[in-house]
There are 4 protein chains.
Amino acid sequence: VSDGGPDRLWGGRFRGAVDPEIDRFTASFGFDRRLARCDLVGSLAHARMLYERGVLERTEARRVLEGLAGLLARLEAGELAVDGAYEDVHTWIEMQLVAAIGDAGRRLHTARSRNDQTSVALRLYVRESLEELDRGLLELAGGFCRRAAEHRETFLPGYTHLQRGQPTSLAHHLLAHAWTLLADHRRLVRVWELAGVSPLGAGALAGTPHPIDPERTAALLGFAGAFPNSMAAVADRDYVLEAAFACALLMLHLSRFASEIVLWTSSEFGFALLEDSVAKGSSIMPQKRNPEPAEILRGKTARVVGDLTALMVLLKGLPLTYNSDLQEDKEAVFDALDTATAAVRAGAVLLEGVGFRPERMRAALERGHLTATFLADHLVRRGVPFRDAHAQTGAAVRAADERGVQLWELDAAELRRTCPEAETSVLAELRPEDVVRAHRSLGGPAPERVAEQLESIGAELDAARGWLAGRRAPPVHRAFAAGTLLDERLDV
Amino acid sequence: VSDGGPDRLWGGRFRGAVDPEIDRFTASFGFDRRLARCDLVGSLAHARMLYERGVLERTEARRVLEGLAGLLARLEAGELAVDGAYEDVHTWIEMQLVAAIGDAGRRLHTARSRNDQTSVALRLYVRESLEELDRGLLELAGGFCRRAAEHRETFLPGYTHLQRGQPTSLAHHLLAHAWTLLADHRRLVRVWELAGVSPLGAGALAGTPHPIDPERTAALLGFAGAFPNSMAAVADRDYVLEAAFACALLMLHLSRFASEIVLWTSSEFGFALLEDSVAKGSSIMPQKRNPEPAEILRGKTARVVGDLTALMVLLKGLPLTYNSDLQEDKEAVFDALDTATAAVRAGAVLLEGVGFRPERMRAALERGHLTATFLADHLVRRGVPFRDAHAQTGAAVRAADERGVQLWELDAAELRRTCPEAETSVLAELRPEDVVRAHRSLGGPAPERVAEQLESIGAELDAARGWLAGRRAPPVHRAFAAGTLLDERLDV
Amino acid sequence: VSDGGPDRLWGGRFRGAVDPEIDRFTASFGFDRRLARCDLVGSLAHARMLYERGVLERTEARRVLEGLAGLLARLEAGELAVDGAYEDVHTWIEMQLVAAIGDAGRRLHTARSRNDQTSVALRLYVRESLEELDRGLLELAGGFCRRAAEHRETFLPGYTHLQRGQPTSLAHHLLAHAWTLLADHRRLVRVWELAGVSPLGAGALAGTPHPIDPERTAALLGFAGAFPNSMAAVADRDYVLEAAFACALLMLHLSRFASEIVLWTSSEFGFALLEDSVAKGSSIMPQKRNPEPAEILRGKTARVVGDLTALMVLLKGLPLTYNSDLQEDKEAVFDALDTATAAVRAGAVLLEGVGFRPERMRAALERGHLTATFLADHLVRRGVPFRDAHAQTGAAVRAADERGVQLWELDAAELRRTCPEAETSVLAELRPEDVVRAHRSLGGPAPERVAEQLESIGAELDAARGWLAGRRAPPVHRAFAAGTLLDERLDV
Amino acid sequence: VSDGGPDRLWGGRFRGAVDPEIDRFTASFGFDRRLARCDLVGSLAHARMLYERGVLERTEARRVLEGLAGLLARLEAGELAVDGAYEDVHTWIEMQLVAAIGDAGRRLHTARSRNDQTSVALRLYVRESLEELDRGLLELAGGFCRRAAEHRETFLPGYTHLQRGQPTSLAHHLLAHAWTLLADHRRLVRVWELAGVSPLGAGALAGTPHPIDPERTAALLGFAGAFPNSMAAVADRDYVLEAAFACALLMLHLSRFASEIVLWTSSEFGFALLEDSVAKGSSIMPQKRNPEPAEILRGKTARVVGDLTALMVLLKGLPLTYNSDLQEDKEAVFDALDTATAAVRAGAVLLEGVGFRPERMRAALERGHLTATFLADHLVRRGVPFRDAHAQTGAAVRAADERGVQLWELDAAELRRTCPEAETSVLAELRPEDVVRAHRSLGGPAPERVAEQLESIGAELDAARGWLAGRRAPPVHRAFAAGTLLDERLDV
């Protein structure tokens, strides 16, 4: 049945049935069913507030609360399948409630609309998903730190333009990714906070004449506060776009790491081997060992960028307040969050399965005159303007190339010819590992600086984990779990 | 089991198992199972060609063909569930084949790789989906023509900048959408042709030493020809991006129509009412009648734009030839095609459910001086330069506004004052419906021109339907259906 | 000349000239010249730090500082044209410096690379641009508040699905936009902070062996601190993407307002008229008055979304650290910031030029049964479950429609028939303006609530303006302006 | 002056001036000035048709035509600067015309609107730009063929997943890019055709009462025909989006080639060296030789994807017909066309400057068991099912790895142990260059197949160049050049 009948939350003025094709096209239950738990939690907060404010008569209100709690308990126990031919998850819940407690269930929708209801459920969902994502992200960041700690003295070329630039350490390189992820963590926290504004009580767009208390609802949900303007509240999807953007940026970061794994496991680079647990073979070429997880990590970046783009296209040009277009926000943000969460987890496993090959890295360091800049810097210390030092060193590099030697193998005469102010003792300092050690500036690759980094990012990650550990279920959900939902006084 | 064992198409060099997290992250069976039928058809063509060329020993080849045909028959009969813990659909098929016919099944992969295999299956799939989409599209275009034919003499304001511009007819307006869809049809045909190049025989990237005949495979699949370069063949996803672009542009067109429905069903415009079959109510506001199907049509545009964006991000910067990133192409193009197909169908139903309100349109025509340009054109015919005619008419409009009358209600004196060269008889020609009739230029709104349009687009749509009716299953599939797959000679 | 000669910052190993086509294709001076001032400020900080740390011999360092200060003074006085055939702005500056102070200028590049140099200049630029954008944004937000204050008692329909939903006030509606902009302001502040991390000292990717002090450089630039990892520092463009995202989201918000102006100035809505200062005419239709500024505001949203998309595509898959692809970040973020800044300014002017038409709004309120929900709420207060109240009210709406009256014009008998539990006195409460006043819930449209909103957002905007007023030039720039750049001690 | 005064094409009803901020925000002259020449050509066609149809009195019409021709002559001679404070290029032209020929110039706008005028100019511009782009594209494609012809016997690894897969030839690899570009050429041709529908005569949206002949205008412009529906005509931007899509896809293709150049010029791959003409140095690392042109080629892909995204966002949700949002289409499509044109040119220069290093390619071929698949194929020919052959070969690879030898260096015993059905003579066939020669399947890398490819693509490119050579200026422009514009009869 698809008319505005008993299985619809609307229909007073409707007599005919919705066309089945239209029904399929417009129904959201196929994807918003994911919000079932969050919607129940939001409903608990709403009902509790109505109870406290006497908007619902107290006996009825208690029945509603008990009914909702019963549904939530069954849902969490896996005893309640969220399916069927419903328009959306909100309809499903109200129908379940009426089935469970009868007519009292028809009172739940007092002083709210699907417009504020959907958004509060989605906010709860986004928050939980961000926490889940952050868990994986922090694990991956921790993984980078652990692998870095193993490789403080593993030296390799640092690249710009994919050309060997200057020597660095593997620890330093891996920590670059860890710091980037820490920035992602901060972004997630910020979005989490942004999502923590309750729209419940905004109604369809104009609030309600009932004496509700939106700040109380917000507190019951663990939100920082309630909306300041009911029209803005139901039209706002900033938290959805911010969440998708945070996922997209995170994925872009991972795509850079993934590209490195693809590069490093190529025969040509050979800086790493993948364990069997994180590689795949070819259906036709028996010798192949493909870095598929890294490629797919990079590939999945695309879909999250697509999700964000979709959300931006969606919002463009919509007048206030709620428009059904916004229904399309869910699949995009679900996909962005799912993908990012899967990606950080897979990334962590991938990272563990990377076998670095220090000897190949060292060999690469020996070719390419990566310490030319150090020679230039030496000349600077001897009073040569940097730009001239750059030119002289360039000449020394050319000389070394012509002789087929590395810079430190130049003989003193050749050095003097190309770099007249250089001390010949500098030749002995030009080996890559020594140059890494000499790059002692703050934030640089010298092992002592990397040790500092490990310490400071360790502290940052501890703080981040602390933040995550401090996330708790919404107060109303804790009250449900503790059985105190109907207590006369409920502190949050 | 997730090692490179019996349920993998690879693994010779692999000893350890793939990590389950990585397995989930990289498996494509969850979505590429959709390709099962197409992959079987592609495999039939491949096997038939191997058979004809003697690459497979003939008895074995026949067993392979029979085995594949058996699987296809069961699949089409709904007796073969495409599921299980497989890496991808290709693995699933090979495993099914081996289960069905034993060791001979292990010969199927001769002279091909998953790289060419996937692409041929996806090309078949895209073609079929484009046909399906085109079917809906042509129905919708036909719907616009039908509704237009009903409203040749229904006049309404034509808008630019959402301001009333000049009078037009509803038929003309609806036909604008029909012509736009016809352009979309042509785009689909073009993509269909583009997809009709067979990559089978490109192997992993370098063809094969076996004496295969890629042109024969192409012919068996109903493709126009085979690839010219094996490396380009496995790296190419142009047909995927073209398909997604065609869907995105189509959706953008629909979003414009959808916006109009939203506007026209607003109380303010009131140009249309939605039947109950294509409207929805509000969970809180009992008086509401929301144009949700139109809003969602517009909203779904966003996801298809997102799909295309994702595909572009995916390809960016990938070196030749195949990279696993490309695995991510499928869900994006599936979603684009699914969404567009659902959208044209829903659009057709929506259009049928729109009740136009000619009286409201006519009332709108009466206000806003929409025929001012006609007055200017009259002045031009009287020898006034258009730019001066524009200025004089502007003055006449101002005069009418000040008097609170419409242009045709101006008195002769006022007309003479503002437009000295005008004949007063022009006032009688300024009523909107007369002006529509006077706009007889080619492609214009005059009923006789619209009648021509209806005829010409009718012919175009007939041709389009003819093209679609001419689409047939690939020859190898027809041979399968006809039981001639093993005939010595198989003409295509 | 285009070889790696005297007009290049590189070239030691190069003998041939760069191809002119390639030169044009890769040169960035055409757009990065905008960074000239910021690059000089960054260079001042770098040179001052080198001076303090004795990395440059002090007499030479003073000459460099004086030389840079001279260039900056001339630039700010408009006496120095930033043009010519240079590769990039950094080359231009070094060449200018050498021209001004001779050989000492060739020492400036000591201990830095273009990789950290570009990023610090871009960070300074982004910060300044964000401040400029924020200035316009706060003015626009203030404009919404001012217009809202004028219209506390102007009532109009609140829309969902572009259907009349519930009565609200124009003040409430306008404040919805103001609150949204406040969120945008907060986003800008956050990006401003994110940009405030100095990469100077990261060098090409690996820091330097010179005894530099990156924290000092950061302090001289007014940044919160220096980079923790030199490789992350030069690879990072998060601040660019965040800035573009903030612009895109802001533009999306403006596009919603713009759509409303387009709607409201249509003949059909008629809720507003545009003054001549913010409307445009038609080249052909003399009666037209087009809301072009609003359309273009909406249209320009597209380009900023495009800019963000471009930046995401740019980063995807780039391995560490710097790659020249990143050079393309500038035009995109410049365009995003320029467009958003122009948009908020134009938006503010547009808003001032909107003449609201309260009488048309009131007329719209009278039709459409916008107070049906209030009737339902009344029934709820009388003990009817909301869902039943919804159905009964739907029946009442139908009855009113059939009689061609508004809900409050129903007779008591009809009310009793459809809503048996209603008190007939409720009919007197159903007029839209009374219902607005009754919607007294927090954040709702009742005038007393709107008064609270005006107060609270006023305070928020004051705080925001305070933040903006507190932005000062970087300390090193202030020292330059004060002539204290060469003081022995320079406190920041 | 910015009111609707003498320098505006509108203004009859306007009394106040447009706000200067709004004027800047909405003016398009800054970018649509590029259309000046095309707009003049379109105007010539329009005026000639009016002349032929007698819509303009003939003496006046001749003056208009002469006036326009005079402007065009001066513009093409570089004697007419397209600048000043005009709203748009159309205003500029009309003002110039009036300045040149007086009042008669005020007649030009008869029977057209800026809506059809802009679109026809943009269509002409897009066509010309596509031709220009195609010129560069075909040159680049030709370059790939030339370089391929030099390297028919240069063998290198073919990669999948950036892992060495099977041996191929450099010619084959380069031709993969050539074929891809050929597909891009076909796409450009198609868009060129799509753009060749004239909207002139659609007027603002509803045609005109004047007896115009849109098909004649179309013919004068060299278009295939005129619009079928005036409302669709002015609302349509399909040709703009198609052009941007063609550019985006082309850029994505180039980004793949660019990535390869970056890879191949890395020390690790070392497959190519860049000549000084196409490389750049580092400002700090004297030994560097950066593939900047390739990186920027890849980077510029991003902006074109951004342009296309912007265009899609722009169109979304706009009701018919013309809306000023569409004004924003120009900069996006200009940028897409400019960037793609610069990119193919730079790409052609880059390709010429790539010095391939066959010895490094050959060395890479020797490691990695790239001929394992050939061994498997040998087993298949010996009757082993492919899947078993794959497994046995995998074992042979493992054995070779354990012994530190290449497959062809395995001893016969080891071969027999791992691949019992293999003939030992196969070992002699496993050297990579022999395997390339054996891959003689159609479209494969064997030199004889590559020779065929060179021939067939050569013929295709000749045909493409023929198409391009056949593009001529619009007939009306040729008549202008030939001085026959005012001839009584003008055949096209």
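Predicted model: local features only at pLDDT ≥ 70, side-chain atom pairs only at ≥ 80, totals over all residues.
Local features need pLDDT of at least 70, side-chain atom pairs count only at pLDDT 80 or more, and totals for chains, interfaces and linings use all residues. Residues are numbered from 1 along each chain as its sequence is written, chains are lettered from A and ligands numbered from 1 in the order in which they are written, and side-chain values use heavy atoms, with hydrogens and water left out.

**Chains A and C**

The contact (heavy atoms within 4.5 Å) takes 106 residues from chain A and 106 residues from chain C. The size of an interface is often given as the accessible area lost when the parts come together. Chain A and chain C bury about 8900 Å² between them, with 57% of this area on carbon and sulfur atoms; buried area is the accessible area (1.4 Å probe) that two parts lose on being put together, summed over both. On the chain A side, Arg256(A), Leu320(A) and Arg387(A) lose the most area to chain C, together 9% of what that side buries.

Eleven salt bridges are found across the interface of chain A and chain C, a salt bridge being a side-chain nitrogen of Lys or Arg within 4 Å of a carboxyl oxygen of Asp or Glu. There are also 54 residue pairs in polar contact between chain A and chain C, both residues at pLDDT 80 or more. A polar contact is a pair of N or O atoms within 3.5 Å; within protein, one must be able to donate a hydrogen and the other to accept it, and residues adjacent in sequence count only if both atoms are side-chain atoms.

Helix 10 (residues 238-264) of chain A gives the most to the side of chain A that touches chain C, with 13 residues. Helices (H or I, at least four residues) and strands (E, at least two) are DSSP runs, numbered from the N terminus. By class, the side of chain A that touches chain C has 46 nonpolar, 37 polar and 23 charged residues. Here Ala, Val, Leu, Ile, Met, Phe, Trp, Tyr, Cys and Pro count as nonpolar, Asp, Glu, Lys and Arg as charged, and the others, Gly among them, as polar.

**Chains B and C**

Between chain B and chain C, 46 residues of chain B are in contact with 46 residues of chain C. The two chains bury about 3600 Å², 56% of it on carbon and sulfur atoms. Two salt bridges are counted between chain B and chain C, together with 27 residue pairs in polar contact (both at pLDDT 80 or more). Elements of chain B that each supply at least two residues to the side touching chain C include strand 1 (155-160), strand 2 (163-169) and helix 14 (372-381). That side of chain B divides into 19 nonpolar, 19 polar and eight charged residues.

**Salt bridges**

Over all chains, the whole structure has 175 salt bridges.

| Lys or Arg | Asp or Glu | Closest N and O atoms |
|---|---|---|
| Arg164(B) | Glu268(C) | 2.6 Å |
| Arg187(C) | Asp238(A) | 3.3 Å |
| Lys300(A) | Glu328(B) | 2.7 Å |

Lys300(A) lies in helix 11 (residues 292-315) of chain A, and Glu328(B) in the loop between helix 11 and helix 12 (329-352) of chain B.

The axes of helix 10 (residues 238-264) of chain B and helix 11 (residues 292-315) of chain D come within 9 Å and cross at roughly 25°. Helix 10 of chain B is therefore roughly parallel to helix 11 of chain D. Axes are lines fitted to C-alpha atoms, for helices over the stretch in contact, and angles run from 0 to 180 degrees between N-to-C directions; angles under 35 degrees count as roughly parallel, over 145 as roughly antiparallel, 65 to 115 as roughly perpendicular and the rest as oblique.

**Backbone**

The peptide bond from Leu320(A) to Thr321(A) is cis, with omega near -5°. His161(A), not a glycine, has a positive phi of about 55°.
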